[in-house]
Amino acid sequence: MSKNYIAPRKDLKAYTCPHCNTLAQVEVSKLSVKGDLFISPSGKLSSKSYIIVHRCQCCGKKVLWIDDEYIYPDIIAEEANPDMPESVKRLYEEAGLIYNKSPRAACALLRLAVENLCQELGQVDRDINKNIAALVQKGLPPSIKKALDTVRVVGNKAVHPGQIAIDVDDVNTAKMLMRLLNMIVERMITEPKELEEVYGLLPKSTREAIERRDQ
């Protein structure tokens, strides 16, 4: 996962280009569209609109908005952590490609991704609340659990056991869920792996002394 990722926004002069994945400045131009009725990709009808064009100064390719609506190209809000399990990453990347066009579909995929990640981490209870609580006991920061609650991921009494409810299926919720998935992978998979690699670099005699101490 890139620590310097900045999602494209029409009001920014620099962000991570969705074409070349480089943090770069963009040249901005705005074109007015007048006259005939214009139908935006979301189905809005207007006789006046405008197109905002950003050209990446690194690769030269264009990023487009029509009015306030992001149009092109498909982008992933934040690339998946390389240590993300494959079953979770497939859902994550699919959601990342459609979250601008269909936030509801993206959130549905990300709900499933959260469930799959819990299972990959050994939490197989049908109640997602218990799975998240168990991960906190294993080292997941309580702040991440709080964040999950904030975006209303964890099921409530109106939801069948084992399902996740998100009351608001919007772009910001999808982006937040992708960020949280990456944070969970970072804490529960990447950090332990890196610590194990560092431990493996210690001299054998030192490792044996530590193991004897901990017995």
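**Notebook: loops first, then helices**

I started at P73, which I found in the loop between β5 (69–72) and α1 (86–98). Helices (H or I, at least four residues) and strands (E, at least two) are DSSP runs, numbered from the N terminus. The peptide bond leading from Y72 into P73 is cis, and its omega is near -5°. I noted that most peptide bonds are trans, and that most residues other than glycine have a negative phi.

Before going on, I wrote down the ground rules. This is a predicted model, in which local features need pLDDT of at least 70 and side-chain atom pairs count only at pLDDT 80 or more, while totals for chains, interfaces and linings use all residues. Residues are numbered from 1 along each chain as its sequence is written, and side-chain values use heavy atoms, with hydrogens and water left out.

**Whole protein**

I listed six helices and five strands. Along the sequence they follow the pattern β-β-β-β-β-α-α-α-α-α-α. Of the 215 residues, 36% count as buried (buried means under 20% relative accessible area, exposed over 50%, partly exposed in between, with a 1.4 Å probe and protein chains only). The accessible surface comes to about 12800 Å², and 52% of that belongs to carbon and sulfur atoms; these areas come from the Shrake-Rupley method with a 1.4 Å probe, and for residues only the protein chains shown count as cover. I also looked at contacts (heavy atoms within 4.5 Å): among those in the protein with a separation of 6 or more, 52% are accounted for by residues 24 or more positions apart.

**The loop between β1 and β2**

Next I went to N21, in the loop between β1 (14–16) and β2 (23–39). N21 is not a glycine, yet its phi is positive, about 60°. N21 counts as partly exposed because its relative accessibility is 47%.

T22 lies in the loop between β1 and β2. With 29% relative accessibility, T22 counts as partly exposed. Leaving aside residues up to four places away in sequence, T22 touches Y15, T16, C17 and C58. I also checked T22 against C59, 37 residues apart along the chain, and their C-alpha atoms are separated by 8.7 Å.

**Helix α5 and its partners**

How do α1 and α5 pack? Helix α5 covers residues 171–200, and α1 packs with it at an angle of about 155°, their axes 11 Å apart. Axes are lines fitted to C-alpha atoms, for helices over the stretch in contact, and angles run from 0 to 180 degrees between N-to-C directions. The two are therefore roughly antiparallel to each other (over 145 degrees; under 35 counts as roughly parallel, 65 to 115 as roughly perpendicular and the rest as oblique). V88, Y92 and G96 in α1 meet M178, L181 and N182 in α5. By class, this contact has four nonpolar, two polar and no charged residues. Ala, Val, Leu, Ile, Met, Phe, Trp, Tyr, Cys and Pro count as nonpolar, Asp, Glu, Lys and Arg as charged, and the others, Gly among them, as polar.

I finished with helix α2 (residues 103–120), which packs with α5 at about 20°, with axes 9 Å apart. That makes α2 roughly parallel to α5. The α2 residues that meet α5 include P103, A106, L110 and L117, and those on the α5 side include V171, L177, M178 and L181. The class count for α2 with α5 is 14 nonpolar, one polar and no charged residues.
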